[in-house]
Amino acid sequence: MTDDTDAILARLPARLKEARQAQGLNLDAVAKLSGVSRSMVSQIERGESSPTIATLWNLTRALQVDFAGLLEESGSDAIEVLRAKDVPSIDNRGSGCTIRILSAPEDAGRHEVYELRLAEGGVLDSQPHRRGAREQLTVIEGKVDVTSGGAQDTARQGDTLRYAADVPHRISADRPSRVFLIVHDA
């Protein structure tokens, strides 16, 4: 085995146990969710057994953790940096509106974070997201009007609006504005 393989195998038991405990699950619950026997889960967590790829896949799905992230060398003392120039943006989802994607790619569809920059007269029209989806918008600069279904309100610098996003919704600005937008369960 290579040093990299040894390092991965050394990290794996603790990472699996941490993921299980973070979910508040005991060994029996993980066994039921994953189809992996309780004794095997215990042996893997103690480092007494190395799981097959299929077993590891079943465990990561049951624990709702990223397969690759579980094996990467990154601890709680690591800081992931994405410099401003490297933040991905979307420029074609509205008129006079640039959307900077601030959330991690693995959060897509669950908890998405954006910075919107709207020019004077800028508009972002959105189709309904999945049932139960909600948005939270905080104005950093300027003023925006938000329409969600039949409801409409205005937010100024420092204001926060929370609204349904499972209906057609719109954000518009009559002057240059910048907002922080969180989308839950998109």
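1. Serine 126 lies in strand 3, where strands (E, at least two residues) and helices (H or I, at least four) are DSSP runs numbered from the N terminus. The model is a predicted one, in which local features need pLDDT of at least 70 and side-chain atom pairs count only at pLDDT 80 or more, while totals for chains, interfaces and linings use all residues. Residues are numbered from 1 along each chain as its sequence is written, and side-chain values use heavy atoms, with hydrogens and water left out.

2. Is serine 126 buried or exposed? Serine 126 is buried, with a relative accessible area of 15%, the class being under 20%, against over 50% for exposed and in between for partly exposed (1.4 Å probe, protein chains only). Leaving aside residues up to four places away in sequence, serine 126 touches Val167, Pro168 and His169, a contact being heavy atoms within 4.5 Å.

3. Strand 3 and strand 8 (residues 169-172) run antiparallel and are joined by 4 bridges, where pairing requires that DSSP finds at least two bridges between the strands. In this pairing aspartate 125 stands opposite arginine 170 in strand 8. Strand 8 also pairs in the antiparallel sense with strand 5 (residues 143-148), again over 4 bridges, and there serine 148 stands opposite histidine 169.

4. The second largest pocket holds about 270 Å³ of space. Of its 14 lining residues, Arg93, Ile99, Leu124, Ser126 and His129 are the closest to its centre. On a 1 Å grid over the protein atoms alone, a pocket is an open set of points with protein on both sides within 12 Å along at least five of seven lines, a cavity is a set where a 1.4 Å probe fits but cannot get out, and lining residues have an atom within 4 Å of a point. Grid points are joined across faces, edges and corners, and a volume is the space filled by probe spheres set on the points.

5. Strand 3 (111-126) gives the most to this pocket's lining, with 6 residues, and strand 9 (177-184) supplies at least two. By class the lining has 7 nonpolar, 3 polar and 4 charged residues, with Ala, Val, Leu, Ile, Met, Phe, Trp, Tyr, Cys and Pro counted as nonpolar, Asp, Glu, Lys and Arg as charged, and the others, Gly among them, as polar.

6. There is 1 cavity of 30 Å³ or more, and the largest cavity has a volume of about 40 Å³. Helix 3 (38-45) and helix 4 (53-63) each supply at least two residues of its lining.
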